[in-house]
Amino acid sequence: MSAKEINKDTYLKWFESMLLMRKFEEKTGQLYGQQKIRGFCHLYIGQEAVVAGAISALEPEDSMITTYRDHAHALAKGVSANAIMAEMYGKITGCSKGKGGSMHMFSKEFNFYGGHGIVGGQIPLGAGIAFAEKYKGTKNLNVCYMGDGAVRQGALNEAFNMAMLWKLPVIFVCENNGYAMGTSVERTTNMTELYKIGLGFDMPCSPVDGMDPVAVHNAMDEAAQRARNGEGPTFLEMRTYRYRGHSMSDPAKYRTKDELESYKAKDPIEQVREVILTEKYADQAWIEEIEAKIKQIVDESVKFAEESPFPDESELYKDVYVQQDYPYVQD
């Protein structure tokens, strides 16, 4: 039995949350082109179901950790669009005080532990967070996201082994968008069915249609129940697709237009929109109301970021050590 059933409210929340992710990322791309956002920037457009379907199967107390493609995850966990946009602008009002930028979102309040720039670096950290929850005796779990390129890292094997040995409450999720940075999965591995990596550790594992929030929800729901029951981790390969390049500097010439259009034909937001209208969960007027609401949220986040101040130079010496009066050499 599912711990969290899918109903009308689920679909309405999916539509609103995924539309916010999409429109926020589209605006981010525009601002990057205007050089208002600098540094590295990786958009999530097309992959929204992987996060939306997960959140609907989880509890607010559950934690999440992910890669540098992290804006949508932060939004889904509850971090405000204002705080995320300000962070990308490098402003003090950002969720990481303007020190992390696009790749290093963080929120202790919403149990969101980043945003990590090192490929695969978050995998053992996700296992560690899960260990802390088990040690404290909670029923909380950690969801640890990674890309298809990160599964080549040795740290994954070490973390998977420990997670199974100690039956840690962690769900490892590979967001397989097919290309890592720009090289297809077929060119980097003999075993293209990445979920089978879990078999080497006797870890429950399966492939999931990452373009369908229903499939994501159901797989995450089952894995969450297993984790909360003390049965240990799960490895899920979410087969998804990013419509843009790996980063804003990637023209994505390594794939065909036909391939891109084939995935856009099963866009997760349009799938949910169709169900809402077909099942009469809401009408077109509601759809338009949500679209207007999302536009306002995104526009307000830009205004907030534009008007926020940059960090003072003194911030360079804060949040580095726990010791408040650490004796820095500042000459």
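**Aromatic pairs and a nonpolar patch**

Hi everyone. The structure holds 15 aromatic pairs, where rings of Phe, Tyr and Trp (its six-membered ring) pair if their centres lie within 6.5 Å, and planes under 30 degrees apart count as stacked, over 60 as edge-to-face and the rest as tilted. In one of them, Phe131 and Trp166 are tilted, at 5.6 Å centre to centre with 50 degrees between the planes. Phe131 lies in helix H5 and Trp166 in the loop between H6 and strand E3 (170-176), so this pair ties together parts that are 35 residues apart in sequence. Helices (H or I, at least four residues) and strands (E, at least two) are DSSP runs, numbered from the N terminus.

A quick word on the model. It is predicted: local features need pLDDT of at least 70, side-chain atom pairs count only at pLDDT 80 or more, and totals for chains, interfaces and linings use all residues. Residues are numbered from 1 along each chain as its sequence is written, and side-chain values use heavy atoms, with hydrogens and water left out.

The cut-offs are under 20% relative accessible area for buried, over 50% for exposed, and partly exposed in between (1.4 Å probe, protein chains only).

Next pair, please. Phe160 and Phe172 are also tilted, 4.5 Å centre to centre and 40 degrees between the planes. Phe160 is in helix H6 and Phe172 in strand E3, 12 residues apart, and the pair links distant parts of the chain. Phe160 is buried, with a relative accessible area of 0%, and Phe172 is buried at 0% as well. With Phe201 and Phe235, Phe160 and Phe172 form one aromatic cluster.

Back to the surface. Which residues form the nonpolar patch? They are Phe131, Tyr135, Met162, Leu165 and Trp166, with about 600 Å² of accessible area together. Areas come from the Shrake-Rupley method with a 1.4 Å probe; for residues, only the protein chains shown count as cover. Patch residues have over 30% relative accessible area and no salt bridge, and nonpolar side chains (Val, Leu, Ile, Met, Phe, Trp, Tyr) are joined within 5 Å. A salt bridge is a side-chain nitrogen of Lys or Arg within 4 Å of a carboxyl oxygen of Asp or Glu. Helix H5 (122-136) and helix H6 (154-165) each supply at least two residues of the patch.

Lastly, charges over rings (NZ of Lys or CZ of Arg within 6 Å of the ring centre and within 35 degrees of the ring normal). The charged end of Lys91 sits over the ring of Phe310, 4.8 Å from its centre, while Lys264 lies over the face of Tyr243, at 5.6 Å from the ring centre.

Methods:
Patch = residues over 30% accessible without salt bridge, like charges linked within 9 Å, V, L, I, M, F, W, Y side chains within 5 Å.
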